[in-house]
Structures are given as structure tokens and as C-alpha cells.
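Please look through the sequence and the 3D structure shown here before reading the report that follows.

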Amino acid sequence: MIVGGTSRVYIMSEEGREITLFRLKERDCCVLSASCVISEITFDTYMMAESDCDILIVNYSFFNKLINTNIYVKCFVYELLTERLSTVMWVMQQILFNKLDRRLALFLADECEKSKSNEIKMTQEEIAKNIGSTREVVTRMLNKFASEDLIELARKSIVIKDIDKLKCI
């Protein structure tokens with residue numbers, strides 16, 4: 001459980017390419033990394049702190065006993081799994097069925113709405129990891145958006161100039 005801070009949960013290919021599955025913020029729990037407790041989880045996920053984090057880690061034997069003796073805990077865990085897997089399926093749909101320009105535009109618009117600001121403070125590398133691409137491809141696409149006057153590029157940030165047009169890409 002994230003007591004404070006934010007972290008990113010992702011998968012990584014053998015070549016080192018990362019795809020962000022979801023983010024965890026204060027009071028979020030992550031059960032996708034609990035394959036030691038839930039044997040049906042057969043894939044590796046990675047977690048990286050995006051800010052200073054306070055994390056509560058529950059002992060395996062305690063959690064295993066709790067999940068097997070308390071139906072409410074078991075239901076809670078399965079509800080969390082359902083929610084996270086739904087998010088993961090949405091991410092996979094975006095990667096498989098949307099072109100990169102649309103994924104990038106939607107990501108930028110979504111980040112603006114989450115932060116309630118038209119400035120996104122992220123590097124192009126961070127954006128690439130979030131949308132499952134490479135920095136070089138993201139750089140080309142951001143330059144295209146800038147030439148269309150949709151965004152303005154700055155060091156480690158992007159200013160959104162026309163969010164409505166971005167959403168329509």
C-alpha cells in the first residue's frame with residue numbers, strides 16, 4: 001500500500017522497453033506484484049517511485065493467512081485485481097489499436113486534466129515509457145504537434161496550447 005507518494009507500475013521487454021500499466025498514489029494498493037501470494041499471477045511487474053514514497057509492505061505469511069481465513073479480505077483483493085486488470089487491458093487496447101499520434105495526444109490531454117495545468121512537467125523519455133514507445137519517436141511526434149501549434153516544447157516540460165485539437169487527433 002502506498003502510504004504517501006506516487007509510483008509507476010510497468011512491464012519490461014527483454015530489450016528493456018517499458019510500458020506503464022498504471023500509477024499508484026496515496027492509499028492505493030498493488031496486488032499485481034503479489035505473485036508470491038496469488039499463484040495465478042504468472043508475469044513480472046516492476047514498480048518505480050516517481051516521488052518520495054512511504055510504502056506499507058505486508059508480510060507474506062501474514063497476508064496468506066489473512067486472505068485464506070477472511071472472505072472480506074479475499075473479496076477486496078479480487079476487486080483490486082479486477083480493477084487493475086481492467087486498467088491493463090485498456091492500456092493494451094491503446095497500444096494495439098491506436099496510432100502513436102493519437103496515443104500521445106490523449107496522454108498529453110489526460111495529463112493536463114489530471115494536473116489541472118496546461119504545462120506537463122515530464123521528459124520525453126518519461127512520456128515514451130508511459131505510452132509504450134521510444135524517445136526518438138515521441139520527439140518526432142512532439143515536434144510535429146509543435147509545428148501544428150498544438151503545443152510548445154520547453155526543457156523537461158510541454159505547454160499545451162490547444163487541448164481541444166489534441167483530443168480530436
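## Ser7 and its contacts

Leaving aside its neighbours within four places in sequence, Ser7 is in contact with Ile2, Phe22, Arg23, Leu24, Met47, Met48, Ala49, Glu50 and Cys53, where contact means that heavy atoms lie within 4.5 Å. Ser7 belongs to strand E2, which covers residues 7-12; helices (H or I, at least four residues) and strands (E, at least two) are DSSP runs, numbered from the N terminus. Ser7 has a relative accessible area of 2% and is therefore buried, since buried means under 20% relative accessible area, exposed over 50%, and partly exposed in between, with a 1.4 Å probe and protein chains only.

The model is a predicted one, in which local features need pLDDT of at least 70 and side-chain atom pairs count only at pLDDT 80 or more, while totals for chains, interfaces and linings use all residues. Residues are numbered from 1 along each chain as its sequence is written, and side-chain values use heavy atoms, with hydrogens and water left out.

## Another buried serine

Ser157 is part of strand E8, residues 157-160, and its relative accessible area of 7% means that Ser157 counts as buried. Not counting residues up to four places away in sequence, Ser157 touches Glu119, Ile120, Lys121, Met122 and Glu152.

## Helix H2 and what covers it

Helix H2 runs over residues 71-97, and its 27 residues should span 39 Å at 1.5 Å a residue, which agrees with the 38 Å between its end C-alpha atoms; the expected span is 1.5 Å times one less than the number of residues.

Which residues of H2 are buried? They are Val73, Val77, Leu80, Leu81, Arg84, Val88, Val91, Gln94 and Ile95. An α-helix has 3.6 residues a turn, so residues three or four places apart point the same way. The cover over the buried residues of H2 includes strand E3 (18-24), helix H1 (60-69), helix H3 (100-115) and helix H4 (124-131). Within H1 lies Phe63, which is buried, with a relative accessible area of 16%. Although Phe63 and Val73 are 10 residues apart along the chain, their C-alpha atoms are separated by 9.3 Å.

## Helix H3 and the residue after it

H3 has 16 residues and reaches 22 Å from its first C-alpha to its last, close to the 22 Å expected at 1.5 Å a residue. Its buried residues are Leu100, Arg103, Leu104, Ala105, Phe107, Leu108, Ala109, Glu111 and Cys112.

Just after H3, Lys116 takes a positive phi of about 55 degrees, although Lys116 is not a glycine. Lys116 lies in the loop between H3 and strand E6 (119-120), and with 73% relative accessibility it counts as exposed.

Cys168 is found in helix H6, residues 163-168, and is exposed, with a relative accessible area of 68%. The C-alpha atoms of Cys168 and Glu50, which are 118 residues apart along the chain, are separated by 29 Å.

## The chain as a whole

The protein chain has six helices and eight strands, and from the N terminus on these elements run β-β-β-β-β-α-α-α-β-α-α-β-β-α. Taken along the principal axes, the C-alpha atoms fill a box of roughly 60 × 30 × 25 Å. Of the 169 residues in the protein chain, 36% are buried, and among contacts between residues at least 6 apart in sequence, 58% join residues at least 24 apart.

The accessible surface of the protein chain comes to about 10,600 Å², and 53% of it belongs to carbon and sulfur atoms; accessible areas come from the Shrake-Rupley method with a 1.4 Å probe, and for residues only the protein chains shown count as cover. The mean positions of the 23 positive and 25 negative charges are 2 Å apart, where Lys and Arg count as positive, Asp and Glu count as negative, and His and the chain ends are not counted. The place of a charge is taken as NZ of Lys, CZ of Arg, CG of Asp or CD of Glu.
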